[in-house]
Amino acid sequence: MNAPVKIETTLKDWETDQEVRWCPGCGDYAILKAVQRTLPQLGSDPANTVFISGIGCSSRFPYYIESYGFHTIHGRAPAVATGVKLANPDLDVWLVTGDGDGLSIGGNHMMHVLRRNVNMQIMLFNNEIYGLTKGQYSPTSREGTRTPTSPIGSVDHPANPCAFALGSGARFVARGIDVSKNLPDVLKAAHAHQGAAFIEIFQNCIVYNKDVFDAFAAPKGAEGQQLWLADGEPMLFDKGTKGLAFDPEKLAFTVVDVVDGDWQAAGVRVHDVTNRVMAHMLAELPFDPFPMPLGVLYDDPAPTYESAVLAEREASVSGKEANLAKLLSGGQTWTVDGSAEDPV
Amino acid sequence: MATQAPPASTNPPTDAPDAIVVRFAGDSGDGMQLTGGQFTLSTALAGNDLATFPDFPAEIRAPQGTLFGVSAFQINFGSRAINTAGDAPDVLVAMNPAALKVNLAALKPGGLVIADTGEFTKRNLDKAKYDANPLEDDSLAPYDVLAFDISARTLEAVEPFGLGKKDGLRCKNMWTLGLALWMFDRPREPLHDWLNKKFAKAPDIAAANIAALDAGHAYGETAELSAPLKQVHLPPAPSEPGLYRTITGAEAVSLGLVAGAQLAELPMFFGGYPITPASAILHHLARLKEYGVTTFQAEDEIAAVCAAIGASYAGQLGVTSSSGPGIALKTEALGLGIMTELPLVVVNSQRGGPSTGLPTKTEQSDLYQAVYGRNGDAPMPVIAARSPADAFEVAIEACRMATQYMTPVMLLTDGYIANAAEPWKVPDPEGFTPFPAKFLEEPRGEELLPYKRDEKGSRPWIKPGTPGMMHRIGGIEKDANTGNISYDPANHQHMTDTRKNKIANIEVPDQDVAWGEKTGKLAVVGWGSTYGPIKQAVRRSQDKGCSVSHIHIRHIWPLPKNLGELLSGFERVLVPEMNTGQLKTVLRDQLLVDAESLTKTSGQPFQIAELEAAICAYFDGAQGNEGGQVAANDQQLPSTVEASE
């Protein structure tokens, strides 16, 4: 794989001539802008960038990014993207999916793209609802969600996207919020990670699930509800007055008060992005009484699938020649009427 | 290794048959497929023409000795051209009572049974549901019987190698193969070489197997011979000069795909998921990385096709392969390939259906699925291989159509073609016509128009990574030029018509007549693996004076342009198929021809005799014979229906 060539672009360079057709006020607009703002900062080359999506509101994303784009079929974007990366590992692939596309109909492919560790950024827009089909409950909808298909409340237990990703073997797991100013930093961390980088983005569906994340995403009081993680930094929130400590008896986190900024005295733990056990605990941390962990939960690279495929190919090809005539006449042969060919 | 075949004899001895059918049958753990495969190779090296029919249960190791655990391998070989695996065996090798019970009905009257008495124990007879030992009563009176204790003789032969009884008995198949080699006057050396190579890491096992093989051969040669066993020498079949090998359909498809990708000057990406009987293609290609082949064992059938589509999008030749149920799963993605107009080759090795159906048995019942089986108006070319060797050319043709017309292409084979072997004259790649794929690297006019078509109706192939050519594609209806999303009514009408016409106008060769005159009373129209039995049945009927011709269709969709006119030169059209009449429907639909059906869905190939009987019914004065279901006695292997002559 070649080192990516950095290109100078502006946000405008990443806009297409297509009219954006999400509902006014949809969280997708904010994510689109965050991505268009981030790509120039990464030095990405539009000609070398491919956005691949499945089906759903989120999956219209590629039409609005001036790069290569493939709007595929419901749930299958990870499989298409795997083929793209195996055919041309140099392409910079972004996968755009949603909670229904990525965890319901496409849950199987999501699991396998993560465990294989195909090098790409996977943005899962989680709005806890099926938007494009008009508001049915999704695999991340909370129990009791009332929708046209669950008029007296859904009884399904919701899936936790980050826990699913970790359970599938993901080596990079992060969380963001559509309107958060920190989202570009999360995207940059994902892009810097070599391998499948999974990002759950809480996205507000203004029509069918309005403000469902307000408890932690609303700007008012956000500091007390959002725990932005940073590698090597103590896990503090609420302006540094609270933190997460580890209770070795319960093998669980607890919220502790931090007095006068002395987080060490309070036993607040330092975030280590390579600690897989902690990542699992953070991903599963129940919101309220705990804050919502955001940012990079886990980042511990491992060899990518395509590099392993290429290495295996190189090893098995070395010293062999691709002679079609020889291949066709392989195995045991015989000649009729003494024609002189001898293939060996 | 190349072997010089002896020259074809011009005067075969009058008492020698010109073809012989041998069936090896035993437990699925007895190694019958291996025995058959090696016997096939020795037959090919002797210069005989041949066709084989492996028939095995879906269970890997069914309980020993049971009727449903019987595995069989039939080979028809001769000093003349061979087209089928043969209707009824002349020789049946039965390694246990169950194998005898399951296969005896197929044996020709007066045929030879070779049985291992060592396995005809009370317990095995019970498992095979025999009340009495058939070797000891007169139930085998219509046949010649050679029954002796192969098990004991094998153990005797391998005794010096210190294998236990269990391991020793595993050499039984080699002992039997040795006897068969003697019966048909074949050299043992290629087998010795093969065993030494196969068991290179276990020289004792190699030596034991060789000892068993030699002992079986020696048994035939020595005075121990029973009367029914005679040595037969079949002179080589006359065939075109050249270099030959044996090839199965799965191998031929794999090699054809490799050749096709090379002719398109593209690397190949093969996405597959294990399924019987299609997996063999994935197995073959996984070993051919040096030919620019990437194989990807996906998490499911859907991912296999989607990854292939992704690879095609990125500029490789995407290929996927499966059998009916797997093709069903891929169907939505085929629509995506059709909508985005990307090259894709889809190989369907058909098996008995519906649902899981008969995984290891053959059928041609996915033709509707291939031609009609997608949501929306979603046309794609469909082509079918007629024999293992033919699958090579057809695979190249599929690659050509996919890349030249920017479309998914369905290539139909079946379980019979996939597993059966036949001699193949190795082609010289220098003789192939290349069809290099072209990528659009800069706009043709002022504007980039990813859906603007060339004279063939194909849109340009633009690889991501190409500077200045960024664009978006997807499954939503596309604007006719820009490829942007379009819900415009007139545009959808235009695009639906365009997709239909693009496929309808694909250039396919004119239909020829496989055997017989271009006009006549009856045309027998087939497709796929029925080629061999139809050809033989038509030849035999012609010999009896019937005005019948054989037409075999490779291009099922679109059909050859001249087919309607060709068929109008015949009074009646009979379509034998291993389904309930699917090609018949297409012919009636497309050509308004009064095609009649002859159908068979027993999981077994047609026999020459049953086809011949159906053909003759048209000439017996029997009026209004509509063909209909074949009433063949083929609960097990090919039936014993006799020709009407």
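Biologist: Where in chain B does Pro558(B) lie?

Modeller: Pro558(B) is in the loop between β19 (555-557) and α18 (563-567) of chain B. Helices here are DSSP runs of H or I with at least four residues, strands are runs of E with at least two, and both are numbered from the N terminus. This is a predicted model: local features need pLDDT of at least 70, side-chain atom pairs count only at pLDDT 80 or more, and totals for chains, interfaces and linings use all residues. Residues are numbered from 1 along each chain as its sequence is written, while chains are lettered from A and ligands numbered from 1 in the order in which they are written.

Biologist: What kind of peptide bond joins Trp557(B) and Pro558(B)?

Modeller: A cis one, with omega at about -5 degrees. Chain A has a cis bond between Asp288(A) and Pro289(A), where omega is about 20 degrees. Pro289(A) belongs to the loop between α10 (276-284) and β11 (292-299) of chain A.

Biologist: Why is Met406(B) called buried?

Modeller: Buried takes 20 or more other C-beta atoms within 10 Å of a residue's own, exposed means 12 or fewer, and partly exposed is in between, with C-beta atoms placed from the backbone. Met406(B) has 24 of them within 10 Å, so buried it is.

Biologist: And Glu128(A), buried or exposed?

Modeller: Glu128(A) has 23 C-beta neighbours inside 10 Å, so Glu128(A) counts as buried. Its phi is positive too, near 55 degrees, and Glu128(A) sits in the loop between β4 and α5 of chain A.

Biologist: How do you know whether Ile152(A) is buried or exposed?

Modeller: Count again: Ile152(A) has 7 C-beta neighbours inside 10 Å, so Ile152(A) is exposed. Ile152(A) is in the loop between β4 (120-126) and α5 of chain A. Its C-alpha is 67 Å from that of Gly319(A), which is 167 residues away along the chain.

Biologist: What makes the radius of gyration of chain B agree with a compact globule?

Modeller: The radius is taken over C-alpha atoms, and the globule rule is 2.2 Å times the number of residues to the power 0.38. For 645 residues that rule gives a value near 26 Å, and chain B has 26 Å, so the two agree. The C-alpha trace of chain B spans about 90 × 65 × 50 Å along its principal axes.

Biologist: Why is a set of residues called a nonpolar core?

Modeller: The members must be buried Ala, Val, Leu, Ile, Met, Phe, Trp, Tyr or Cys, joined through C-beta atoms within 7 Å. The largest core here has 275 residues, and those touching the most other members include Val84(A), Ala25(B) and Cys399(B). Helix α11 (residues 301-313) of chain B gives the largest share, 10 residues. There's also a second, separate core of 5 residues, Ile129(A) and Tyr208(A) among them.

Biologist: How do you know which way α9(B) and α14(B) cross?

Modeller: Right-handed means that the near helix is turned clockwise from the far one by less than a right angle, left-handed that it is turned anticlockwise. The crossing of α9(B) and α14(B) is right-handed. Axes are lines fitted to C-alpha atoms, for helices over the stretch in contact, with angles from 0 to 180 degrees between N-to-C directions. The axes of α9 (residues 249-263) and α14 (residues 390-404) of chain B come within 7 Å and cross at roughly 35 degrees.

Biologist: Which classes of residue make up that contact?

Modeller: It has 14 nonpolar, 3 polar and 2 charged residues. Nonpolar covers Ala, Val, Leu, Ile, Met, Phe, Trp, Tyr, Cys and Pro; charged covers Asp, Glu, Lys and Arg; the others, Gly among them, are polar.

Biologist: How many residues of chain A are in contact with chain B?

Modeller: 55 of chain A, meeting 65 of chain B. Being in contact means C-beta atoms, placed from the backbone, within 7 Å. On the chain A side, α2(A) supplies the largest share, 8 residues. That side divides into 26 nonpolar, 20 polar and 9 charged residues.

Notes:
Contact = placed C-beta atoms within 7 Å.
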